[in-house]
Amino acid sequence: MTKLSKRLAKLGVGLVLLGVLGFLFLRSVRGTRAEPYTVTRDGLGPWSLAIISDARPEEAMLVLRPPPKLMSDLFGQLFKRAMESMGEPSVPGIPLVLQSELTRALVDHPTLTPEGLLAAARAAGLDAPSPAPLCIAHRRAKGGRDRAQLFFAIFDLPAFGQFRQRLAAQWNDGVAPNAFDPARLSPALIIATVESTTQSWLPLGADPKVDCVAPITIAAAAE
């Protein structure tokens with residue numbers, strides 16, 4: 001075997017080893033991200049309804065705010081696993097109605113008010129039970145913005161869908177351009193963003209079968 005062929009053989013072995021190490025590293029990262037996230041039962045509530053008076057068109061004007069402990073626990077676990085610089089939402093909460101949706105609805109229903117929507121959300125029971133956490137979900141932006149990412153939690157909250165469906169029944173009696181789509185939003189709570197803003201990901205319609213990357217488990221409160 002010539003010196004050149006020996007060098008090529010060594011190079012080939014090195015490339016194979018590098019590829020194996022890279023594969024093992026990626027599998028380790030994926031495995032870590034897929035491990036369950038843990039929250040304590042005492043950190044699941046209470047939640048509260050709130051009006052965002054200075055919301056921009058694609059921001060939420062009515063939200064279901066989580067307890068601070070829930071946000072801090074999930075963000076802390078995410079940060080340790082993702083190993084990336086992350087931003088937190090300035091106003092955390094599950095979006096219930098976007099400002100743009102209310103603005104369109106006002107064309108045919110000029111008597112609508114944020115306070116009226118808040119009362120309707122309370123009547124729907126949105127602030128009564130604590131939403132049941134399902135999973136941590138992840139999305140990566142398309143269209144060349146490879147670094148832009150979103151991490152969010154999806155909840156089991158039947159009252160959310162019922163509330164949006166009632167709004168659709170009340171608001172969709174106008175012209176087609178003002179139609180209200182109840183599926184534009186889901187019971188999803190944005191936890192962190194990477195090289196993007198919370199607003200850039202709204203409206204957020206989540207699909208647990210597609211978006212979920214790890215379950216959320218509930219642990220007993222620490223003694």
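Start at T193, in strand 7, residues 188-194. Helices and strands here are DSSP runs, numbered from the N terminus: H or I of at least four residues for helices, E of at least two for strands. This is a predicted model, so local features need pLDDT of at least 70 and side-chain atom pairs count only at pLDDT 80 or more, while totals for chains, interfaces and linings use all residues. Residues are numbered from 1 along each chain as its sequence is written, and side-chain values use heavy atoms, with hydrogens and water left out.

Is T193 buried or exposed? Buried, with a relative accessible area of 6%. Buried means under 20% relative accessible area, exposed over 50%, and partly exposed in between, with a 1.4 Å probe and protein chains only. The T193 side chain reaches the backbone oxygen of S196 at 3.2 Å. Around T193 we find S85, M86, G87, Q149, L150, T198 and W201 in contact, leaving out residues up to four places away in sequence. Contact means heavy atoms within 4.5 Å.

Stay in this part of the chain. E195 sits in the loop between strand 7 and helix 6. Its phi is near 50°, a positive value in a residue other than glycine. At 54% relative accessibility, E195 counts as exposed. P203 lies in that loop between strand 7 and helix 6 (208-211) too. A cis peptide bond joins L202 and P203, with omega about 0°.

There is another cis bond to show you. It joins G45 and P46, again with omega about 0°. P46 is in the loop between strand 1 (37-40) and strand 2 (48-51). And there is another positive phi: M83, near 55°, and not a glycine. M83 belongs to the loop between helix 2 (68-82) and strand 4 (94-98). M83 is exposed, at 58% relative accessibility. Why point these out? Most residues other than glycine have a negative phi, and most peptide bonds are trans.

Next, T40, in strand 1. T40 counts as buried, at 17% relative accessibility. Its side chain makes a polar contact with the side chain of D42, at 2.6 Å. A polar contact is a pair of N or O atoms within 3.5 Å; within protein, one must be able to donate a hydrogen and the other to accept it, and residues adjacent in sequence count only if both atoms are side-chain atoms. T40 and D73 are 33 residues apart in sequence, and their C-alpha atoms are 8.9 Å apart in space.

Now helix 3, residues 99-108. Which of its residues are buried? Q99, S100, E101, L102 and A105 are. Their cover includes strand 3 (60-65), strand 4, helix 4 (114-123) and helix 5 (158-171). Take S100, in helix 3. S100 is buried, with a relative accessible area of 8%. Setting aside residues up to four places away in sequence, S100 touches P57, E58 and R184.

On to the nonpolar cores. A nonpolar core is a set of buried Ala, Val, Leu, Ile, Met, Phe, Trp, Tyr and Cys residues joined through side-chain atoms within 4.5 Å. The largest one has 50 residues, of which L62, L96, V97, L126 and F163 touch the most other members. V97 is in contact with A60, M61, L62, L102, L117, F163, R164, L167, W171 and L185, leaving aside neighbours within four places in sequence.

Last stop, the whole chain. How many helices and strands does the protein chain have? There are 6 helices and 8 strands. From the N terminus, the elements run α-β-β-β-α-β-α-α-β-β-α-β-α-β. The protein chain has 223 residues, and 42% of them are buried. Consider contacts between residues at least 6 apart in sequence: 75% of these join residues at least 24 apart.
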